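Hello,

Here is the structure we talked about, followed by notes on its side-chain contacts. Please open it alongside this email.

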Amino acid sequence: MDWNQVLDAGDVDGGEINVVVEITKGSNNKIEWRRDLGVMMLDRIDPKATSAKPTNYGFIPQTLDEDGDELDVLILGDPLPMNIFLKARVLGVMKFTDDGEVDDKIIVVPADDRETGDAIKTLADVPAQILKQIEYHFNHYKDLKKPGSTVVDHFGDIDEAKKVIKESQKRWTEK
C-alpha cells in the first residue's frame, strides 16, 4: 500500500496529523519507507548499544523534509507495530541536523490516548527525562560509525512544529 496515495498529512492547523509507523520503540532495525516502491524496507541493523529507538518512529504522508524524505515523527508512548497509521496530536518539534542536512522530527502522541487520559498536550507535559533520552539518542546514535555527525539543535513548540509540517507539505506539492 502506498501511504502517500491513501493518506494526506491530516489536520495540521488543528494539530491532529496522520502518521505512519516505520520503526517500533526499542528496535535497532532501521526501517525506511521506500516511496519509489511503495513499501517498507530494512535499510540496516544498527548496534543495540547505540541505536535502540527511545520512541516509535514514523513519517507524515505527503510531506518532504529538507533531506528529501517524508517528514519524520517521534511517537511517544508504548511500542506500536510497524506499517500502521494513527491519528496523532502534535506536541512540538526536535530541530535536528544529520550529517549537515536538516532532518527535523515532529513529536506527537496518539490523538486518543486513554492510557494517560489525553494528559499530554504540549512538550511541557512530557517528563524532562524522556526529552533528555531522545536528545541523547539522536546526538549519539551514529557515534560508532560517524562520531559527531548528528546534532539536536533545540526542541520547539507546537507552532514551530506546524510551521515545519506546512513547509514540508509545500515541498511535497512542488515536487
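**Aromatic contacts**

Phenylalanine 138 and tyrosine 141 are both buried. A caution before going on: this is a predicted model. The two rings make an edge-to-face pair, with 5.6 Å between centres and 75 degrees between planes.

Phenylalanine 96 belongs to strand S7 and phenylalanine 138 to helix H3, so the contact ties together parts 42 residues apart in sequence. Phenylalanine 96 is buried, at 1% relative accessible area. For phenylalanine 138 the value is 3%.

Tryptophan 172 has a charge over its ring: the charged end of lysine 175 sits 4.2 Å from the ring centre.

**Salt bridges**

There are 16 salt bridges in the structure. Arginine 171 bridges to aspartate 65, with the closest N and O atoms 3.8 Å apart. Arginine 171 is in helix H4 and aspartate 65 is in the loop between strands S5 and S6, so the pair links parts 106 residues apart in sequence. Arginine 171 is partly exposed at 26%, whereas aspartate 65 is buried at 2%.

Glutamate 174 also bridges to lysine 170, at 4.0 Å between the closest N and O atoms. Both lie in helix H4, four residues apart. Glutamate 174 is exposed at 57%, and lysine 170 is exposed at 52%.

Finally, a salt-bridge network links Asp43, Arg44 and Asp46. Within it, arginine 44 and aspartate 43 come to 2.7 Å between the closest N and O atoms.

Best wishes

Technical notes: Residues are numbered from 1 along each chain as its sequence is written. This is a predicted model: local features need pLDDT of at least 70, side-chain atom pairs count only at pLDDT 80 or more; totals for chains, interfaces and linings use all residues. Side-chain values use heavy atoms; hydrogens and water are left out. Helices (H or I, at least four residues) and strands (E, at least two) are DSSP runs, numbered from the N terminus. Buried means under 20% relative accessible area, exposed over 50%, partly exposed in between (1.4 Å probe, protein chains only). Rings of Phe, Tyr and Trp (its six-membered ring) pair if their centres lie within 6.5 Å; planes under 30 degrees apart count as stacked, over 60 as edge-to-face and the rest as tilted. A charge sits over a ring if NZ of Lys or CZ of Arg is within 6 Å of the ring centre and within 35 degrees of the ring normal. A salt bridge is a side-chain nitrogen of Lys or Arg within 4 Å of a carboxyl oxygen of Asp or Glu.
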